[in-house]
Amino acid sequence: MRRPFKAAAPTKDGPRSNRDIRVPRVQLIDADGQNRGDISINDALLLAEEAGLDLVEISPNAVPPVVKILDLGKLKYANQKKAAEARKNQKVIEIKEIKMRPNIDSHDYETKMKAVRRFFEEGDKVKLTLRFRGREMAHMELGMQLLNKVREEVATIAKVEAEPKLEGRQMMMVLAPR
């Protein structure tokens, strides 16, 4: 016999309000912002009903809990707007990768460095990857010199987040903007 699916009870997000507040006494702040003091929850609910507003728990961990008479819909809307504004203003830091070879030509190097500087201005991290092929593996010091040259060139605008390390045939270094 198949058992019936029992869904979890819906969880409410946001502060507790009205009949969800289950403490005998509360510290009440009315709609005008006046502190009414320590009163019973039933009296607080009656005052909220008379005002045509909701009783919302502001500080649940206080003794007694602090509740305020206000419009719960407006509070939720304001919190939603604040969260959306915070999301809009945040910058997602990306890691941009620049690939080079140990015997890179000077003009190519300058072009890559221009891109690196642009990435730092945009606030992104840069991962420099040096790929060694064939006999280049015998001259790792050339790759190290190149990465040190890059480090010195961007020292004023960036800091080294991950020191140069060798993984197989690649040498990598991560730089972050200051």
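**View 1. Glu57 faces a partner across a strand pair.** In strand E4, Val67 is the bridge partner of Glu57. This is a predicted model: local features need pLDDT of at least 70, side-chain atom pairs count only at pLDDT 80 or more, and totals for chains, interfaces and linings use all residues. Residues are numbered from 1 along each chain as its sequence is written, and side-chain values use heavy atoms, with hydrogens and water left out. Strand E3 (residues 54-59) runs antiparallel to strand E4 (residues 66-70), with 5 bridges between them. Strands count as paired if DSSP finds at least two bridges between them. Helices (H or I, at least four residues) and strands (E, at least two) are DSSP runs, numbered from the N terminus. Leu55 stands opposite Ile69 in E4.

View 2. E3 and E4 make a hairpin with 6 residues between them. Pro64 is found in the loop between the two strands, E3 and E4. A cis peptide bond joins Val63 to Pro64, with omega about -10°.

**View 3. Strand E4 is largely enclosed.** Of the 5 residues of E4, 4 are buried, so the rest of the structure largely encloses this strand. Buried means under 20% relative accessible area, exposed means over 50%, and partly exposed lies in between (1.4 Å probe, protein chains only). E4 also pairs with E1, in the parallel sense, over 3 bridges. Here Ile29 stands opposite Lys68 in E4. In a regular strand the side chains alternate between the two faces of the sheet.

**View 4. E1 and E2 form a hairpin.** E1 pairs with strand E2 (residues 35-40) in the antiparallel sense over 5 bridges. Val26 stands opposite Ile39 in E2. The hairpin has 5 residues between its strands, and Gly33 in the turn has a positive phi of about 90°. Asn18 lies in the segment before strand E1 (25-29). Asn18 has a positive phi of about 45°, although it is not a glycine. Asn18 is partly exposed, with a relative accessible area of 25%.

View 5. A nonpolar core is a set of buried Ala, Val, Leu, Ile, Met, Phe, Trp, Tyr and Cys residues joined through side-chain atoms within 4.5 Å. The largest has 20 residues, of which Ile98, Met100, Leu128 and Leu175 touch the most other members. Two or more residues each come from strand E5 (95-100), helix H3 (106-121), strand E6 (125-131), helix H4 (140-153) and strand E8 (170-177). H3 gives the largest share, 6 residues.

View 6. Val154 is found in the loop between H4 and strand E7 (158-167). At 1% relative accessibility, Val154 is buried. Its C-alpha atom is separated by 9.0 Å from that of Leu175, 21 residues apart along the chain. Ile104 is in the loop between E5 and H3. Ile104 is partly exposed, at a relative accessible area of 21%. Ile104 and Leu130 are 26 residues apart in sequence and 10.0 Å apart in space, C-alpha to C-alpha.

**View 7. Two lysines, Lys149 and Lys114, are shown.** Lys149 lies over the face of Tyr109, at 4.3 Å from the ring centre. A charge sits over a ring if NZ of Lys or CZ of Arg is within 6 Å of the ring centre and within 35 degrees of the ring normal. Lys114 is in helix H3. Lys114 is exposed, at 61% relative accessibility. Lys114 and Glu141 are 27 residues apart in sequence and 24 Å apart in space, C-alpha to C-alpha.

**View 8. The protein is divided into two domains.** Domain 1 covers 16-85 and domain 2 covers 93-175. The bounds come from an automatic or database domain assignment. The domain centres, taken over C-alpha atoms, are separated by 57 Å. UniProt, in an unreviewed entry, lists "domain: Translation initiation factor 3 C-terminal" at residues 93-177. UniProt positions are given in the numbering used here, feature names are shortened, and annotations may be inferred rather than shown by experiment. Over residues 93-177 the chain is 35% helix and 36% strand, with its end C-alpha atoms 10 Å apart.
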